[in-house]
Amino acid sequence: MTAKTILDPCCGSRMFWFDRNHPSVVYGDIRTEQRTLCDGRTLSIFPDVPLDFRSLPYEDGAFKLVVFDPPHLRKAGEVSWMRAKYGALDADTWRDDLRAGFAECFRVLANDGVLIFKWNETQIKVREVLALTDQKPLFGHPSGKKGGTHWICFMKTAPQEDTPDAAR
Ligand SMILES: C[S@@+](CC[C@H](N)C(=O)[O-])C[C@H]1O[C@@H](n2cnc3c(N)ncnc32)[C@H](O)[C@@H]1O
């Protein structure tokens, strides 16, 4: 059991955090990297915990909030700025990878915990990705210059127990 209550399993360079070292957050990513990008800026990815969102090293229900911002590009140049910054999906296995990612994020989320999902639909429509989880989103909002970036909120619902007829 971790004392931290928030998990960001794809933290990258933590760009969207107001506090990039918030004491309640576990910042995770599959890679550790530092390099200078083509525009001269430095990319720094130093997760607290190196992890794979398809198999998270946490107990069921360990977090109250999970922020899931996986790579959204199927095609990205091998040496492109976009790939360096955001990573890329495997062109063959991305559906299975994201399905496993959702399943793991919801597994480590407490019942009634909140999952915020961020997705840019330049290459893959948001509805295709939402079809990879049984959990239903509550609400969301497109943002960005072309409205292609979606912020979507879920609250984890506990599995429904079968109620005997007499107790209904
Ligand atoms: C869209 S970027 C996240 C950007 C981040 N939210 C920010 O504010 O800077 C996606 C990140 O997911 C990471 N990633 C890709 N596959 C992963 C996996 N299987 N498990 C964990 N992280 C992964 C990439 O290395 C990349 O840093």
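A residue is buried when 20 or more other C-beta atoms, placed from the backbone, lie within 10 Å of its own, exposed when there are 12 or fewer, and partly exposed in between. The model is predicted: local features need pLDDT of at least 70, side-chain atom pairs count only at pLDDT 80 or more, and totals for chains, interfaces and linings use all residues. Residue numbers start from 1 along each chain as its sequence is written.

**View A. Cys153 in strand S9, and the pairing of S9 with S8**. Cys153 belongs to strand S9 and counts as partly exposed because 13 C-beta neighbours lie inside 10 Å. Helices (H or I, at least four residues) and strands (E, at least two) are DSSP runs numbered from the N terminus. Apart from residues up to four places away in sequence, Cys153 touches Val114, Ile116, Pro137, Leu138, Phe139 and Gly140; contact requires C-beta atoms, placed from the backbone, within 7 Å. S9 (residues 149–155) pairs with S8 in the antiparallel sense over five bridges, pairing being assigned where DSSP finds at least two bridges. Pro142 stands opposite His150 of S9. Five residues lie between the strands of the S8 and S9 hairpin, in which Gly144 adopts a positive phi near 90 degrees.

**View B. The hairpin of S3 and S4**. Strands S3 (residues 33–36) and S4 (residues 42–45) run antiparallel and are joined by four bridges. Across this pair, Glu33 stands opposite Ile45 in S4. The hairpin has five residues between its strands, and Gly40 takes a positive phi near 90 degrees there.

**View C. Leu43 and its contacts**. Leu43 is part of strand S4. It is partly exposed because 14 C-beta neighbours fall inside 10 Å. With neighbours within four places in sequence left aside, Leu43 is in contact with Ser13, Glu33, Gln34, Arg35, Leu37, Ala84 and Lys85. Among these, Ala84 is 41 residues from Leu43 along the chain, and the two C-alpha atoms are separated by 8.0 Å.

**View E. Buried residues and span of helix H2**. Trp94, Leu98, Gly101, Phe102, Glu104, Cys105 and Phe106 are the buried residues of H2. These residues pack against S6, S7 and helix H3 (126–130). At 1.5 Å a residue, the 14 residues of H2 should span 20 Å, and the end C-alpha atoms, 19 Å apart, agree with this; the expected span is 1.5 Å times one less than the number of residues.

**View F. Thr93, in the loop between H1 and H2**. Thr93 lies between helix H1 (81–86) and H2. It counts as exposed because 12 C-beta neighbours are found inside 10 Å. Thr93 and Arg74 are 19 residues apart along the chain, with a C-alpha separation of 10.0 Å.

**View G. Positive phi at Arg14 and at Asp112**. Arg14, although not a glycine, has a positive phi of about 60 degrees. Its place is the loop between S1 and strand S2 (25–29), and it is partly exposed because 19 other C-beta atoms lie within 10 Å. Asp112, also a residue other than glycine, has a positive phi near 70 degrees. Asp112 is located in strand S7 and counts as exposed because 10 C-beta neighbours lie inside 10 Å.

**View H. The residues around the ligand**. Of the 21 residues in this shell, Cys10, Gly12, Met15, Ile30 and Gly87 come nearest; a residue is included if its C-beta atom, placed from the backbone, lies within 6 Å. The shell holds twelve nonpolar, three polar and six charged residues. Nonpolar covers Ala, Val, Leu, Ile, Met, Phe, Trp, Tyr, Cys and Pro, charged covers Asp, Glu, Lys and Arg, and the others, Gly among them, are polar.

Conventions
Contact = placed C-beta atoms within 7 Å.
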